[in-house]
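Hi,

Here is the structure I promised to pass on. Have a look at it first, and my notes follow below.

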Amino acid sequence: MSRPAAVLWDMDGTIVDTEGYFAESSRALLEEGGGQWTSGLARSLNGATLPDMARTLIAAGAVATSEEIIERFLLDVTARLTREVPWKPGAVQVLAELRELGVPTALVTMSYRVLAERVVAAVPFTPFDVIVTAEDVVHGKPAPDAYLLAARKLGVDIGDCIVVEDSAPGITAGVAAGARVLGVPLSGHLLDRDDFLRWNGLDGRSAAEILRAHDPSP
């Protein structure tokens, strides 16, 4: 069985369940401006970049500038992460196993670096060789740029990498980059497409299973 050159990880919704933190902040911003929070709006924010989230909220009725909304996100979510990092079940264990096996890893997130570093610092080992955040690329997910950059920083071929993602924009970015994509979507965000491998989550999964996802041959 061949091993992937690297495993590239999304963060929000994949390693940590911060979607709820962003939703709480988004809802407060929207309702302060008299806008109405809906489940459809919540779904549209999943996996989006912070500037895209800000634009969506402004269009829905938030009374603030894009810069003000992003600053509010950073303050709100950083404060919540300081109190508790809501790990997705199984994610840290799989990361630890990959590190023990010597498989290179990268964090590829459209969150800002201050949030990514807060999460990484909470892991009880060094989980990633490379970190790529929203500040590092002009075009965020669903564009492939962030994943392509992570592969370049690791010195590997993106076509020989596995991407672990939870959202439609992230899965689209990984596929567009040319990686093998493992989707662990949130409930209610499953995609009607067949260009990625779908798992229900990482709980109970192992690094060995990720290696088999790269090379499904016996």
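Predicted model: local features only at pLDDT ≥ 70, side-chain atom pairs only at ≥ 80, totals over all residues.

A definition before anything else: I call two strands paired if DSSP finds at least two bridges between them. Helices (H or I, at least four residues) and strands (E, at least two) are DSSP runs, numbered from the N terminus.

Residues are numbered from 1 along each chain as its sequence is written, and side-chain values use heavy atoms, with hydrogens and water left out.

**The sheet**

There is an open sheet of six strands, in the order β3-β2-β1-β4-β5-β6, with parallel pairing. At the edges sit β3 (130–132) and β6 (197–198), each of which pairs on one side only.

Start with β1. Four bridges join β1 to the parallel strand β4, and leucine 8 stands opposite valine 163 there. Toward β2, which also runs parallel to β1, there are three bridges, with valine 7 opposite threonine 105. Both faces of β1 are covered: Ala6 and Leu8 on one side, Val7 and Trp9 on the other, are all buried. Buried here means under 20% relative accessible area, exposed is over 50%, and partly exposed is in between (1.4 Å probe, protein chains only).

Further along, β4 (residues 161–165) and β5 (residues 180–183) pair in the parallel sense over four bridges. Valine 163 turns up again in that pairing, with valine 181 as its bridge partner in β5.

Two helices pack on the sheet. Helix α5 (residues 91–100) touches β1 (6–9) and β2 (105–108), and its direction makes about 155 degrees with that of β1. Helix α9 (residues 207–214) touches β1, β4, β5 and β6, at about 120 degrees to the direction of β4. By touching or contact I mean heavy atoms within 4.5 Å. Axes are lines fitted to C-alpha atoms, for helices over the stretch in contact, and angles run from 0 to 180 degrees between N-to-C directions.

**Cores**

The largest one has 48 residues, and Trp9, Leu98 and Ile210 have the most contacts inside it. Helix α4 (residues 66–83) gives the largest share of this core, six residues. Apart from it lies another core, of 23 residues, among them Ala6, Val108, Leu154 and Ile171.

Leucine 98 is a handy place to look: leaving aside neighbours within four places in sequence, leucine 98 is in contact with Val7, Trp9, Val103, Thr105, Ala207, Ile210 and Leu211.

On helix α7 (residues 145–154), the buried residues are Ala146, Tyr147, Leu149, Ala150, Ala151 and Leu154. Their cover includes β1, β2, β3, β4 and α8 (168–177). Just after α7, glycine 155 takes a positive phi of about 75 degrees.

**Helix pairs**

The axes of α1 (residues 19–32) and α3 (residues 50–60) come within 10 Å and cross at roughly 35 degrees. Phe22, Ser26 and Leu30 of α1 make the contact with Leu50, Met53, Leu57 and Ala60 of α3.

Helix α3 also packs against α4, at an angle of about 115 degrees and with the axes 9 Å apart. Here Leu50, Pro51, Met53, Ala54, Leu57 and Ile58 in α3 meet Ser66, Ile69, Ile70, Phe73 and Leu74 in α4.

Is serine 2 buried or partly exposed? Serine 2 counts as partly exposed because its relative accessibility is 37%. Serine 2 is found in the segment before β1 and, leaving aside neighbours within four places in sequence, is in contact with Leu211, His214 and Asp215.

Phenylalanine 196 is in the loop between β5 and β6, and at 7% relative accessibility it counts as buried. Its C-alpha atom is 24 Å from that of glycine 102, which is 94 residues away along the chain.

Cheers

Notes: Core = buried A, V, L, I, M, F, W, Y, C linked by side-chain atoms within 4.5 Å.
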